[in-house]
Structures are given as structure tokens and as C-alpha cells.
Amino acid sequence: MLADYAVSESNSRGRQHPEASPTARGEFQRDRDRIIHSTAFRRLEYKTQVFVNHEGDLFRTRLTHSIEVAQITRTIARALALNEDLAEAIALAHDLGHTPFGHAGQTALNACMKAYGGFEHNLQSLRTVDLLEEHYAEFDGLNLTYETREGILKHCARDNAARLGELGQRFLDGTQPSLEAQLANLADEIAYNNHDIDDGLRSGLITLEQLDDVAIFAEQRRAVEARYPGLGGRRLIHETIRRMINLMAVDLIEQTRANMVAAGVKTLADVHAAPRLVAYSDTLRPALGRLKGFLRENLYHHYQVLRMTDKARRIIADLFGAFLADTRLLPPQYQRRAEDDAPRAIADYIAGMTDRYAMKEHRRLFAVGEIH
Ligand code: MG
């Protein structure tokens, strides 16, 4: 069922630590299963996407976001005869390295780590599956296949890429990852551009009236209203958003097919050598740009979101500063890691925290009157 340009077990570069083949499932299914059983994956439930977990029960968390990304990825992968198991594994793992408090947390931790090699959530996702997970007797991390790791590493600065060997090579020579990796990357965008509208409306930070100025939303809303006159409330929002997701997914499938034909792509080697193939059409891309701009201006930079962002920055900076000043404040397993590289061990500890764990740890260290 797989196309020749898809990743398969026969063209896979395998695992870092050789293992016997799994019984009753494929190698990429095994990757997906290992990701789902990991500690980092469960923590996603209590990590911020845009809204902090305790702000409301119905907003997306990193976990529900990752599941939506996996759903969109699988649908498109199947339509393009790509390796659905691999694409799903990449999608489920893509945010494992995220800090608490979303992008605010990442920015804060990166600032703390400025003099020590920086912090990048994408690289941290790879570090989580390669090193930090403690699940198996014979190796650190999850020992995932090369192709899943390649997909997890979406971006990478050149100096980091040079340190990563084979996996970092494509960032140095400008070649492309598998179509499954390219796809998971754009499915991430389809998921958040749509669910952030939903969460933004639910929170009241953005309104339906404001969205009249966003053509891609307004057009789909008009189509829903023409078909179901008088429909309002949640159903109007959900009917509009589901049409938007479908529009973006179908556009991506058709444009990607056209790009493959134009580039004469037949095999996986062709995919690596070709320009980036998974892409939106020239008609959709500017419309998506306007939607993103709207969300940035009106949701991500809303003063109520920025207040949370600012608090998150202070919590992370405080924690980092306290641990760096005295690594004996770290839990014992991180103290051991800190003997080799204290800033990195601290960054690993903080990045692994859920929102509420970070807040609790901050109270333990800073609130007068707290005992433990
Ligand atoms: Mg994501």
C-alpha cells in the first residue's frame, strides 16, 4: 500500500541500538507505542498550549493538541500513500520537549541558557527520546528509528546540527527530510491555526465579529450560514472550523501531489534531493498568513495572555537562578547529571516540568511559610 517515495522498513536506517524485530507490529508502530508509553507524553496533559491548564477544562493542552496533529497527519498520510505509522509517531512526539507555559516558557529558558548553549524545544524533543526517558534496561531514551528522530528534529541551528552527526547533516547540506516528516510539520500548523480560533472564541479573548476580517474564516462561515440559516452558537463555530481544517488538508494533499509530479519524484531518495514538497497552494498560503497574523495580534498578544506569559517568564527565571546558585537544591537524580553540566541538567529538569509542577516548585523554593 506504501508508495515508493514513502519511508518503509526496507529503506529505514534503523535504530541506534540494534534490537530484534517486533512481533505482530511494525517498527514504526513500535516507535509510536514507545512514545505513548513515555513519561514525557503523559506530561503533555498538563502543559500549556496557549492557555494554562487551570484556566479552563476545555482548552487544548499540549496532549490534546498532539492528538489532533496526529489525526490530521494520519489522514493526509493515508491519502498520499505515505507511511501512516511513522507520520503518526512523529506527530505524537513533536512537542515532547516543550517547557511548561508554552512558548513563554521556551523563550524564558532559552534566555537563561544563553551562555550555556541555549535551549530549543525542538532539539529538546529529540533529547527526550534519545536520552532523558528512563524506560529500558539496555539503553537511555526510547531508541526510536532514525526516521522518527529525523521527523522530530524539525529545525536546527547549524552549530547544533554539526554536533548531531548523520541526523543533523540535512541542515548543513540543505536536503529535505521524508514526506512523513514534512507532513507532520504542516499538520501541526493546521491543528493549531484551527483550534486556537476555537479556544480563543471559547475564552472570549477573540470574537466572531473580529473574525469577519479574516477571509478564510469568513468565507467558510458564510457557507455554513447559507446551508443552515439561523445556526448559531457552538455549532456555527464548529461547522466553520471543520470546513477550514478540511480545506487546508485537501489543499495540502493536492498541492503536494502536484509538486511531486513537477519534481518527478519516484523514490525516497528523490524526496530527500527535491525541494520541500509538502506545501499549500499559492492561493491558500497568503490566506493562512493573514489568519496567523490575526491570531498573533489578537490572541497570543492579548493582554490577558501576556500577563500569564510574563508570570511564566519570572517563574522559570527564578527556578533556574536558584538551582544554578546551588545545585544541591535539585532532586538527587538531577544533582548527579549536574556534576557534568549543571546548566543543561537544570534546563532538562525545568523543561520536563508541567505547568502546575513548576508553580509548586516555585512556591516550595520561594514562598515563605511553605514547608516542603
Ligand atoms: Mg505543536
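Q: Before we start, what counts as a salt bridge here?
A: A salt bridge is a side-chain nitrogen of Lys or Arg within 4 Å of a carboxyl oxygen of Asp or Glu. Bear in mind that this is a predicted model.

Q: Good to know. Which residue does Glu27 form a salt bridge with?
A: Glu27 pairs with Arg30, and their closest N and O atoms are 3.4 Å apart.

Q: And where do Glu27 and Arg30 lie?
A: Both belong to helix α1, residues 27-36. They are three residues apart, about one turn of the helix.

Q: Are Glu27 and Arg30 buried or exposed?
A: Glu27 is buried, and Arg30 is buried too.

Q: How many salt bridges does the structure hold?
A: There are 31 salt bridges. One of them joins Asp33 to Arg32, at 3.0 Å from N to O. Both of those residues are buried.

Q: What about Glu239, which partner does it have?
A: Glu239 forms a salt bridge with Arg242, with the closest N and O atoms 3.0 Å apart. Helix α12, residues 233-263, holds both, and they sit three residues apart, about one turn of the helix.

Q: Why does Glu239 count as buried?
A: Its relative accessibility is 18%, and buried means under 20%.

Q: Then how is Arg242 classed?
A: Arg242 is partly exposed, because its relative accessible area is 48%. As for networks, salt bridges that share partners join Arg25, Arg32, Asp33, Arg74, Arg78, Glu84, Asp85 and Glu88 into one.

Q: Switching to cysteines: how many disulfides are there?
A: Zero disulfides in this structure.

Q: Is Cys112 buried or exposed?
A: Cys112 counts as buried, because its relative accessibility is 18%. Cys156 is buried as well, with a relative accessible area of 15%.

Q: Now helices. What does α6 span between its end C-alpha atoms?
A: Helix α6, residues 121-132, spans only 14 Å. A straight helix of twelve residues would span 16 Å at 1.5 Å a residue.

Q: Which residues of α6 are buried?
A: They are His121, Asn122, Gln124, Ser125, Leu126, Thr128, Val129 and Leu132.

Q: And what do those buried residues pack against?
A: Their neighbours are α2 (39-43), α4 (84-93), α5 (102-112), α7 (146-152), α16 (332-340) and α17 (342-351).

Conventions
Residues numbered from 1 in each chain as written. Predicted model: local features only at pLDDT ≥ 70, side-chain atom pairs only at ≥ 80, totals over all residues. Heavy atoms only, no water. Disulfide = S-S within 2.5 Å. Buried < 20%, exposed > 50% of the residue type's maximum accessible area, 1.4 Å probe, protein only. Helix = DSSP H or I, 4+ residues; strand = E, 2+ residues; numbered from the N terminus. Expected span 1.5 Å × (residues − 1). Contact = heavy atoms within 4.5 Å.
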